[in-house]
Amino acid sequence: MRLDAKAPATLGAVVEAVAHLSTLSEAHILELVSAGRIEELFPFKPAAGVPIPPDSESDQDLVVASAKPLSRKARDSLIEASLPARSRKRFRTGTASKR
Amino acid sequence: MDIRVTDMTARDALWWDMRLGPKHASIAARADRLWSWSVLLPMCHLVQRAKRRYCRPLVIWARTDKGRFMRAGMSIVIEDYPYLDVEHSGESNFVWFMSAADSRVLAAEFGMSHPPALARVLLDNAIVLSQNAGLEGRIGLHAAPPGGDGLLVMYGRCGLTRLPASAALPPSVRRRNDGRFFYADERVAESLAAGLDASR
C-alpha cells in the first residue's frame with residue numbers, strides 16, 4: 001500500500017492497516033515509530049513537491065487552539081487537515097447541451 | 001514565556017519534518033530522531049478513531065529574536081484514555097507523542113536565543129485540556145525506550161509520577177508495564193498547571 005497521489009491506496013488497504021495498528025498498544029506503536037519502522041505498517045507517503053511553509057509566522061497569522069474540547073465538526077476538520085492539501089479538481093457543473 | 005499553541009495540520013508536520021527533522025536525526029540521544037510527523041499525524045487520528053477516541057495534535061510556537069513565531073514543539077494527545085493508575089477509576093489524557101525542538105538548533109539556526117522550557121509547556125497543554133474536559137488534569141504517557149534513562153529523568157524533573165514497574169496497567173492498554181509509564185493525578189496536575197499560571 002502506498003498512500004500517495006500516483007498510487008492511491010484502496011480504501012480496503014487503508015482500513016486493513018488501521019485495523020491492524022488499532023490492535024497494538026499505543027506504547028508499542030511509539031516503539032515502532034521510534035525504531036523507524038512505522039512505514040512498514042502504515043506506508044503513508046506524503047505528496048512530493050508540496051512547498052515547505054515559511055519558518056516563522058506573525059502573531060496575527062496564528063490561530064490559537066482552543067483549550068476546551070472541540071466540537072465533532074472541528075475534530076473532523078482537524079482529521080481532514082492532517083492530510084496534505086490536494087490540488088483541487090475542476091468539476092464542470094453542466095453537460096455540453098446545457099452550456 | 002512568549003508562546004502560542006495552535007492545532008496541528010499537515011503543513012506543520014511537513015515543516016517539522018523538512019526543517020527540524022534532519023537536524024534532530026543527527027542527535028543520537030533523541031528518542032524522536034526517526035519520527036516522521038507527516039506520517040504520524042494522519043496515522044494517529046485514524047488509529048484512535050478506530051478505537052472510538054480522538055487525538056488532539058498541537059503545535060507550540062515560540063518567539064524568535066526578530067519577534068515572529070516559529071514552531072518549537074509538537075505533541076499528539078489522546079483524549080479519554082484509560083487512566084494509568086488502576087487504583088483510581090476514570091480516564092485521562094495520554095501524551096502519545098511529543099517533541100521539543102533542540103534548543104541549540106533553535107538558537108544557532110533559527111534566531112531564537114532563549115527557547116522556553118518546552119517539555120513543561122507540552123505537558124501543560126495536556127493537563128489543561130484534561131482539566132477543561134472534566135478529567136481533572138489527569139494525564140499519562142510512556143517514555144520512548146530510545147530516550148533511555150535521560151528521558152526518565154527528564155519526565156521526573158517535569159514533576160510527573162513514575163508508575164512502579166510492578167503496577168498493573170488498565171486492561172485496555174494491552175501492554176506489559178516496562179517501568180517507563182508516567183502520570184499526573186489531579187493533585188500533581190493542579191500543582192504543575194499552577195506553576196505556569198503566571199505565564200498564561
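Author: Gladly! Helices (H or I, at least four residues) and strands (E, at least two) are DSSP runs, numbered from the N terminus. By that rule chain A has 4 helices and 0 strands, in the order α-α-α-α from the N terminus on. This is a predicted model, where local features need pLDDT of at least 70, side-chain atom pairs count only at pLDDT 80 or more, and totals for chains, interfaces and linings use all residues. Residues are numbered from 1 along each chain as its sequence is written, while chains are lettered from A and ligands numbered from 1 in the order in which they are written.

Reader: What makes residues of chain A count as in contact with chain B?

Author: Their C-beta atoms, placed from the backbone, must lie within 7 Å. On that test 41 residues of chain A are in contact with 48 residues of chain B. H1 (11-21), H2 (26-34), H3 (38-41) and H4 (72-80) of chain A each supply at least two residues to this side, and H2(A) gives the most, with 7 residues.

Reader: Which residues of H2(A) are called buried, and why are they said to line one face of the helix?

Author: Buried means that 20 or more other C-beta atoms, placed from the backbone, lie within 10 Å of a residue's own. Glu26(A), Ala27(A), Ile29(A), Leu30(A), Val33(A) and Ser34(A) pass in H2(A). Seen down the axis of H2(A), they fall within an arc of 160 degrees (taken from the directions from the helix axis to the C-beta atoms), so they line one face. Across the 99 residues of chain A, 18% count as buried.

Methods: Contact = placed C-beta atoms within 7 Å. Buried ≥ 20, exposed ≤ 12 C-beta atoms within 10 Å, placed from the backbone.
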